[in-house]
Amino acid sequence: MQMVWLPLFAAKVLGDVIVTVIDGAVRFLPLSEAKRRQWSRSICRNWLWLRRKINYRAFEQAVHNAFEDGMVWVFRKCRHLTPNTALLVILCAVLWLPISFGAATAMHAILLAKVTSWPAWMQLLHPLATVIAKSKLLVLPVYPAAWPQAKKHPLVQQVFKGYEIIKRVYVIRKVGLRYRQAEIAGIAAVERLERTVGLTAAVRWLREAHVAKHCRVEKPTQELRSFFARWSIKFSAEYYEAKERQASGVHHQTAASCER
């Protein structure tokens with residue numbers, strides 16, 4: 001996405017140059033002054049409208065809408081799957097992760113090894129290998145979309161029951177209890193240390209310095225929050241079901257108004 005702004009910027013500059021040349025050529029046409037001004041204004045007005053469309057934000061929004069429409073289709077299809085089919089779909093999606101990675105890596109390696117013996121046009125297959133590697137992102141919606149049906153499968157139900165049985169084992173419950181007690185004691189010790197006179201500011205400074213140095217955590221800027229707000233893709237069946245109901249309600253209202 002970040003690489004797209006350069007072609008868009010080049011298209012804007014090229015368009016500005018072309019419009020300037022056309023506007024200059026119009027002045028040499030055998031037309032009246034009023035007609036020449038009308039043509040010049042029309043060309044500039046149309047170019048300004050088109051220039052607003054050649055926008056990174058508009059391109060970003062179009063790609064986002066395409067992703068969301070694709071996910072709507074995936075959720076709609078997976079909603080009607082049987083538990084067996086849904087579980088099979090999830091297993092295929094899981095298997096595709098190593099398959100796509102291995103296939104793309106093998107293609108890159110073979111193309112680099114045969115760079116001197118194979119024709120030069122064969123190196124154009126590198127983008128194809130990259131697309132295969134990135135195709136793993138396209139199967140991400142499959143997991144939340146097929147899971148509501150897949151969890152009804154008897155095998156998945158047995159796994160849930162086994163997990164509940166393991167949770168009720170005395171040793172597991174004891175370990176969980178000790179972990180929670182240690183966590184509470186650690187938080188209480190840190191808070192007591194911070195309340196000690198003269199150490200509050202020092203402890204807070206050390207904590208912030210440690211987080212900034214080792215965890216690379218910074219306060220999100222307004223631009224970062226705006227980016228995630230634009231690119232937040234919902235991975236829940238409820239979100240797309242509500243969206244589909246909303247679209248259906250708008251369609252029914254439009255049809256009713258047309259009938260009136």
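**Reading the helices**

Tutor: The chain has eleven helices and zero strands; helices (H or I, at least four residues) and strands (E, at least two) are DSSP runs, numbered from the N terminus. It's a predicted model, where local features need pLDDT of at least 70, side-chain atom pairs count only at pLDDT 80 or more, and totals for chains, interfaces and linings use all residues. Residues are numbered from 1 along each chain as its sequence is written, and side-chain values use heavy atoms, leaving out hydrogens and water.

Student: What share of the residues in the chain is buried?
Tutor: Buried means under 20% relative accessible area, exposed over 50%, and partly exposed in between (1.4 Å probe, protein chains only). Out of the 260 residues in the chain, the buried share is 18%.

Student: Among contacts between residues at least 6 apart in sequence, what percentage join residues at least 24 apart?
Tutor: A contact here means heavy atoms within 4.5 Å. Of the contacts between residues at least 6 apart, the ones joining residues at least 24 apart make up 71%.

Student: How are H1 and H2 oriented, roughly parallel or roughly antiparallel?
Tutor: The axes of H1 (residues 5-26) and H2 (residues 33-53) come within 10 Å and cross at roughly 175 degrees. Axes are lines fitted to C-alpha atoms, for helices over the stretch in contact, and angles run from 0 to 180 degrees between N-to-C directions. Under 35 degrees counts as roughly parallel, over 145 as roughly antiparallel, 65 to 115 as roughly perpendicular and the rest as oblique. That makes the H1 and H2 pair roughly antiparallel.

Student: Which residues of H2 make the contact with H1?
Tutor: On the H1 side, the residues include Ala 11, Gly 15, Val 19 and Ile 22. Facing them from H2 are Arg 36, Trp 39, Ser 40, Ile 43, Trp 47 and Arg 51.

Student: Within what arc do the buried residues of H6 fall?
Tutor: In H6, the buried ones are Val 142, Ala 145, Ala 146, Gln 149 and Ala 150. They line one face of H6, because seen down its axis they fall within an arc (taken from the directions from the helix axis to the C-beta atoms) of 125 degrees.
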